[in-house]
Amino acid sequence: SLLSVVGTIIGVAALICVASIFNGFREFTEDQLIAFDPHIRISATEGAWIKNADSLSDKIQQIENVSKSLPTIQGRVVALCKKNLQPIVLNGVDPDRINDVVGVRHSIVYGKFDLAKTIGLPGVVLGAGVADRLRANPGDTVSFFSPEVIEKSFKYMAMPRPTKGVVSGIFQSNASNYDDTYIYISEQYTRRLFKSKSDQYHNIDIRLIADDKIEKSVKE
């Protein structure tokens, strides 16, 4: 009887410890992702672009639980550095407003978050995984090729003309889907790459005041 009681106590204690560890890990992961990415992201229902995104963002800003709303450009391109090629997700953002909805500034581990011009080229911030695959460090030049540019070069049998940037910093969010694919660059240079109009954006990123009311805010 004593052995049965002791065995039950040990088993229950072990179960409680494991459950506590997993709950703590889940909360840590959620905090990391929420701190880095926006609470809500709106994308176009048809096509790639949201038209009149600025005016729509202003209306969203009036919703009670919305803290900040920011239109962004996001698309897949190919990055080249030191003869290393890597498909990445390019995020074109307003450098003065990016901190309102995305916590990438607080995730810089090498260099700094600076999207301003350096030696005539825009600053670029890379995810740690992207930087590792490209063998890129702050001060290196990275070239970007959009699908349209690559398609055009094949069509006319000509060398593709890339958009270039200088690495200013490297971030690490501890989430592989961001660190291994994300790159940040100024919005105006992203428009050149995707040849978009000034009122066109891919997404509208939203940061809420109370993140426990996400479902209610989405309905509003």
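A: A residue is called buried when its relative accessible area is under 20%, exposed when that area is over 50%, and partly exposed in between. The model discussed here is a predicted one.

Q: Why is Asp205 called buried?
A: Asp205 has a relative accessible area of 3%, and the cut-off for buried is under 20%, so Asp205 counts as buried.

Q: What makes the contact between the side chains of Arg41 and Asp205 a salt bridge?
A: The criterion asks for a side-chain nitrogen of Lys or Arg within 4 Å of a carboxyl oxygen of Asp or Glu; for Arg41 and Asp205 the N to O distance is 2.7 Å, and the pair is therefore a salt bridge. Because Arg41 belongs to strand E1 and Asp205 to strand E12, the pair ties together parts that are 164 residues apart in sequence. Arg41, with a relative accessible area of 29%, is partly exposed.

Q: How many salt bridges are there by this rule, and which others can be named?
A: The count comes to five. Among them is the one between Asp132 and Arg135, with an N to O distance of 3.8 Å, which is still within the 4 Å limit; Arg135 is partly exposed at 49% relative accessible area. Another joins Arg133 to Asp180, whose closest N and O atoms are 3.5 Å apart. This pair links distant parts of the chain, since Arg133 sits in helix H4 and Asp180 in the loop between helix H6 and strand E10, 47 residues apart.

Q: Why are Arg133 and Asp180 called partly exposed?
A: Relative accessibility is 39% for Arg133 and 23% for Asp180, and the class in question lies between 20% and 50%, so Arg133 counts as partly exposed, and so does Asp180.

Q: How do you know whether Leu85 is buried or exposed?
A: Leu85 has a relative accessibility of 58%, and the cut-off for exposed is over 50%, so Leu85 counts as exposed. Leu85 lies in strand E4 and, leaving aside neighbours within four places in sequence, is in contact with Val78, Ala79, Leu80 and Leu134. Leu85 and Leu134 are 49 residues apart in sequence, while their C-alpha atoms are 6.7 Å apart in space.

Q: What makes the buried residues of helix H2 line one face?
A: The buried residues of H2 are Ala53, Ser57 and Ile60. Seen down the axis of H2, they fall within an arc of 60°, so they line one face of the helix. Their cover includes strands E1, E2, E3, E11 and E12.

Q: Which residues touch the most other members of the largest nonpolar core?
A: In this core of 31 residues they are Ile88, Leu90, Phe144 and Ile183. Strand E3 supplies the largest share of the core, five residues. A second, separate core has 14 residues, including Val102, Phe113, Ala175 and Tyr178.

Q: How much of the protein is buried?
A: Of the 220 residues in the protein, 41% are buried.

Terms used: Residues numbered from 1 in each chain as written. Predicted model: local features only at pLDDT ≥ 70, side-chain atom pairs only at ≥ 80, totals over all residues. Heavy atoms only, no water. Buried < 20%, exposed > 50% of the residue type's maximum accessible area, 1.4 Å probe, protein only. Helix = DSSP H or I, 4+ residues; strand = E, 2+ residues; numbered from the N terminus. Arc of directions from axis to C-beta. Contact = heavy atoms within 4.5 Å. Core = buried A, V, L, I, M, F, W, Y, C linked by side-chain atoms within 4.5 Å.
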